[in-house]
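Trainee: I would like to learn how to read charged pairs in a protein model. Please take me through an example.

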Amino acid sequence: MKVIDVEAAETCLARLVQEALDGEEIVIARGNDHLVRLVPVAAARPERSLGWVRGQVTIAPDFDAPLDDF
């Protein structure tokens, strides 16, 4: 974990962002008080498409028939 002062963070923000993207945990502090943690935003999930298993899944004809032992 890397702790850096607010004033120092202002001058080297681009470098700190790159370090956070590389996996380094960056904490920005004022004096001895930790204020914020710089972390990368989680990657967006790919959009889901419907019907990608069409034709690969079958449902038995008696799928919704009552169960004998229920």
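Mentor: Start with the term: a salt bridge is a side-chain nitrogen of Lys or Arg within 4 Å of a carboxyl oxygen of Asp or Glu. Side chains of opposite charge can pair when their charged atoms come close. The model here is predicted, so local features need pLDDT of at least 70, side-chain atom pairs count only at pLDDT 80 or more, and totals for chains, interfaces and linings use all residues. Residues are numbered from 1 along each chain as its sequence is written, and side-chain values use heavy atoms, with hydrogens and water left out.

Trainee: How many salt bridges does the structure hold?

Mentor: Two. In one, the side chains of Lys2 and Glu19 meet at 3.0 Å, N to O. That pair links distant parts of the chain, 17 residues apart: Lys2 is in strand S1 (residues 2–5) and Glu19 in helix H2. Helices (H or I, at least four residues) and strands (E, at least two) are DSSP runs, numbered from the N terminus.

Trainee: Which side chain meets Glu19 at 2.9 Å, N to O?

Mentor: That of Arg15, again in a salt bridge. Both residues lie in helix H2, four residues apart, about one turn of the helix. Through shared partners, salt bridges join Lys2, Arg15 and Glu19 into one network.

Trainee: Is Glu19 buried or exposed?

Mentor: Buried means under 20% relative accessible area, exposed over 50%, and partly exposed in between (1.4 Å probe, protein chains only). Glu19 counts as buried because its relative accessibility is 19%. Lys2, at 25%, counts as partly exposed, and Arg15 does too, at 42%.
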